[in-house]
Amino acid sequence: MDFSTMLGMLLSSYLTSLQIFAVTLVGSIPLGVLIAVGRLSRFRPLSLVCRLVISLLRGTPLMLQMFAVFFIPTTMMGLQLGNGYILTAVLIAFVINYAAYFAEIYRSGIQSMPTGQYEAAEVLGYTPRQTFFRIILPQVVKRVLPAMGNEIVTLVKDTSLAFSIGIAEMFAQSKALVSSQRSMVPFAIAAVIYWVTCLLIELVMYLIEKRMSYYHD
């Protein structure tokens, strides 16, 4: 097999990796906000439930969570969900897993804000909602961007875990090519693609941080 054919096959499976990456980001970022708000809630039962969810999702392997999301409905509950559910299970597991990590990042950012800012906003007549969205949130976003960037880069590499449940993403394709071609070149190509993707994400995060630099601590 020539290099161009090999590259084409890897790029084709890379689209599946990108799909997992994109859906996870779109789903986990807002879900993480909701979990963080629940975690900080003064309603203790809600706060305890969110703490438990975060602890469970951060304390167990993502691979195990993928298997749980797939096998509990299909095996333990006997539901007939079809072959397409495999990818759905992967996406669900990725979204809830990363939402837990993002929730802790948001929580730390919110709690790092000085109490004086809330008090000053109250004196100026801001409602709690206005205070959060107009004063606190822009500063929190700036503070958590580096940590968010690290998680997003990790997500790029974690998409390779989907192969364990039978999803033909890029790592699975490169592994199959290595076995059939008896060559390490597919792994090298995949590594370069992952690396370039991470570099592009780092560039985007840098530009966002630079744009947010007008918010001073």
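Residues are numbered from 1 along each chain as its sequence is written, and side-chain values rest on heavy atoms, with hydrogens and water left out. Because the model is predicted, local features need pLDDT of at least 70 and side-chain atom pairs count only at pLDDT 80 or more, whereas totals for chains, interfaces and linings use all residues.

Leucine 10 is placed in helix 1, which spans residues 3-39; helices are DSSP runs of H or I with at least four residues, strands are runs of E with at least two, and both are numbered from the N terminus. The relative accessible area of leucine 10 is 0%, so the residue is buried (buried means under 20% relative accessible area, exposed over 50%, and partly exposed in between, with a 1.4 Å probe and protein chains only). Apart from its neighbours within four places in sequence, leucine 10 is in contact with Met170, Gln173, Ser174, Leu177, Pro186, Ile189 and Ala190, where contact means heavy atoms within 4.5 Å. For one of these, glutamine 173, the separation from leucine 10 is 163 residues in sequence but 6.3 Å in space, C-alpha to C-alpha.

Two packed helices are described by the angle between their axes and the distance between the axes. The axes of helix 1 and helix 6 (residues 128-158) cross at roughly 145° and come within 10 Å; axes are lines fitted to C-alpha atoms over the stretch in contact, and angles run from 0 to 180 degrees between N-to-C directions. Helix 1 contributes Phe21, Thr24, Leu25 and Ile29 to the contact, and helix 6 contributes Met148, Ile152, Leu155 and Val156. By class, seven of these residues are nonpolar, one is polar and none is charged; Ala, Val, Leu, Ile, Met, Phe, Trp, Tyr, Cys and Pro count as nonpolar, Asp, Glu, Lys and Arg as charged, and the others, Gly among them, as polar.

The unreviewed UniProt entry annotates residues 20-40, 52-72, 84-103 and 184-208 as "transmembrane region"; positions follow the numbering used here, feature names are shortened, and annotations may be inferred rather than shown by experiment. In the model, residues 20-40 are 95% helix and 0% strand, with end C-alpha atoms 29 Å apart. Residues 84-103 are likewise 95% helix and 0% strand, and their end C-alpha atoms lie 29 Å apart.

Three salt bridges are counted, each defined as a side-chain nitrogen of Lys or Arg within 4 Å of a carboxyl oxygen of Asp or Glu. Arginine 39 meets glutamate 104 at 3.9 Å, N to O. Arginine 39 lies in helix 1 and glutamate 104 in helix 4 (residues 85-111), so the pair ties together parts 65 residues apart in sequence. Both arginine 39 and glutamate 104 are buried. Glutamate 104 also pairs with arginine 58 at 3.6 Å, N to O. Arginine 58 belongs to helix 2 (residues 44-59), so its bridge to glutamate 104 in helix 4 ties together parts 46 residues apart in sequence. Arginine 58 is partly exposed, with a relative accessible area of 40%. In the salt bridge between glutamate 104 and arginine 107, the closest N and O atoms are 3.1 Å apart. Glutamate 104 and arginine 107 both lie in helix 4, three residues apart, about one turn of the helix.
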